[in-house]
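Biologist: I'd like to go through this one with you, feature by feature. Where shall we begin?

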Amino acid sequence: MHPSPTERPAVEPVGIEVALGERAYPVLIGPGVRHRLPDEVARLGARRVVVVSARPPRWTPDPGVPHRVVPARDGEHDKNLSTVEQLCREFADFGLTRSDAVVSCGGGTTTDVVGLAAGLYHRGVAVIHLPTSLLAQVDASVGGKTAVNLPEGKNLVGVYWQPRAVLCDTEHLDTLPGREWRNGYGEIARAHFIGAGDLRGRPVATQIAACVALKARVVAADERDSGLRHILNYGHTLGHALERATDFRLRHGEAVGIGTVFAGRLAGVLGRVDADRVAEHHEVVAGYGLDTALPAGSDHDRLVTLMRRDKKATAGLSFVLDGPGGADLVTDVPESAVRAALARM
């Protein structure tokens with residue numbers, strides 16, 4: 001039996017700090033940590049809060065101060081500037097000031113949209129994330145990248161706006177359908193190749209903590225993507241293109257899983273890794289129960305066009321690829337090599 005949403009489990013959470021000096025913040029991982037929200041709000045000194053929640057009322061925690069709950073829904077089709085404007089108008093209508101706070105409660109698209117709205121409203125108000133999906137807990141809620149989509153591509157409009165706390169309540173995961181678990185496993189699989197280690201078969205809280213600890217180290221060293229942080233985009237260049245090409249029928253983590261296999265194949269085509277390492281990419285992704293091949297009927301021309309629009313593509317086709325010294329950003333990749341790797345998918 002799992003505890004009800006109103007009970008406070010006695011398990012002590014795992015705490016990881018994102019070390020950004022005066023802007024450092026905790027990430028708490030464990031069952032029932034959503035109940036710590038009033039303590040985090042009090043720590044900020046916020047007098048009023050807007051809670052933007054894609055979860056049912058019984059799973060939306062009370063922040064302990066006067067607040068308004070704004071319903072949301074997870075999904076890429078609401079991840080746009082129109083939603084950001086609607087949220088900012090809700091903030092204004094409730095009288096939210098710069099000294100108040102916003103709380104997100106939902107999956108990765110919700111943390112992205114709410115984070116961007118909080119970063120823009122009054123030029124920045126405090127935001128606390130309560131990620132409720134596996135994908136959001138292992139990746140999207142941590143690191144301060146907020147963005148929404150344009151018809152031309154994913155995550156093309158955004159700002160860096162760090163949260164003041166992230167509460168990863170593992171009880172939320174008990175409500176997820178199987179496909180949402182696979183969605184999160186795509187990000188865990190790609191973490192295998194950028195320093196998280198082999199997490200296959202480990203308890204989910206351990207998997208989350210390892211991914212968060214890795215991301216915290218990278219973000220602390222390179223908050224604004226000037227170098228090291230590029231490694232977090234492993235598998236994402238083709239992954240984002242597949243999301244757009246399928247009109248988001250492929251979920252983000254599913255697409256990143258395929259993109260991770262592709263990154264291994266492209267690294268092999270370029271001679272950066274040997275055949276065993278290429279095969280390891282396929283083995284790891286398949287080990288999480290994820291698809292490893294391109295969707296049937298994929299248009300390679302369309303995928304190449306979309307990959308050229310990727311936000312990392314400042315110098316031709318660019319990918320984060322494995323190599324002798326580990327993962328690194330590789331620019332000006334020949335289109336012929338990209339097409340050869342796609343053909344092997």
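Modeller: Keep in mind that this is a predicted model. Let's begin with a charged pair: the side chains of aspartate 322 and arginine 277 meet in a salt bridge, 2.4 Å from N to O. The two sit in distant parts of the chain, 45 residues apart, with aspartate 322 in the loop between strand E10 and strand E11, and arginine 277 in helix H9.

Biologist: Is aspartate 322 buried or exposed? And how does arginine 277 count?

Modeller: Aspartate 322 is buried, with a relative accessible area of 3%. Arginine 277 counts as partly exposed, at 23% relative accessibility.

Biologist: How should I read salt bridges in general, and how many does the rule count here?

Modeller: Side chains of opposite charge can pair when their charged atoms come close. Here the count comes to 24 salt bridges. One of them joins lysine 215 to aspartate 139, with the closest N and O atoms 3.0 Å apart. Since lysine 215 lies in helix H6 and aspartate 139 in helix H4, the pair ties together parts that are 76 residues apart in sequence. Lysine 215 counts as buried at 7% relative accessibility, and so does aspartate 139 at 11%.

Biologist: What about glutamate 187 and arginine 190?

Modeller: Their side chains form a salt bridge too, at 3.2 Å from N to O. Glutamate 187 and arginine 190 are 3 residues apart in helix H5, so about one helical turn separates them. Both are buried. Salt bridges with shared partners join Asp139, Glu187, Arg190 and Lys215 into one network.

Biologist: Now the domains. How do I read the interface between domain 1 and domain 2, and how much area do they bury?

Modeller: Interface size is often given as the accessible area lost when the parts come together. Domain 1 (14-176) and domain 2 (228-343) bury about 1,100 Å² between them, 53% of it on carbon and sulfur atoms. On the domain 1 side, His77, Lys145 and Lys154 supply 38% of the buried area, more than any other three residues. In contact terms, 15 residues of domain 1 meet 11 of domain 2.

Biologist: How many salt bridges lie between the two domains?

Modeller: The count is 1. Lysine 154 pairs with glutamate 243, their closest N and O atoms being 3.4 Å apart. Strand E8 gives the largest share of the domain 1 side that touches domain 2, 5 residues.

Biologist: And the nonpolar core: which residues touch the most other members?

Modeller: Met307 and Val338 do, among the 65 residues of the largest core. Helix H6 contributes the largest share, 8 residues, and each domain supplies at least three residues. A second, separate core has 19 residues, including Val84 and Tyr121.

Terms used. Residues numbered from 1 in each chain as written. Predicted model: local features only at pLDDT ≥ 70, side-chain atom pairs only at ≥ 80, totals over all residues. Heavy atoms only, no water. Core = buried A, V, L, I, M, F, W, Y, C linked by side-chain atoms within 4.5 Å. Buried < 20%, exposed > 50% of the residue type's maximum accessible area, 1.4 Å probe, protein only. Helix = DSSP H or I, 4+ residues; strand = E, 2+ residues; numbered from the N terminus. Domains from an automatic or database assignment. Contact = heavy atoms within 4.5 Å. Buried area = accessible area lost by both parts, 1.4 Å probe. Salt bridge = Lys/Arg side-chain N within 4 Å of Asp/Glu carboxyl O.
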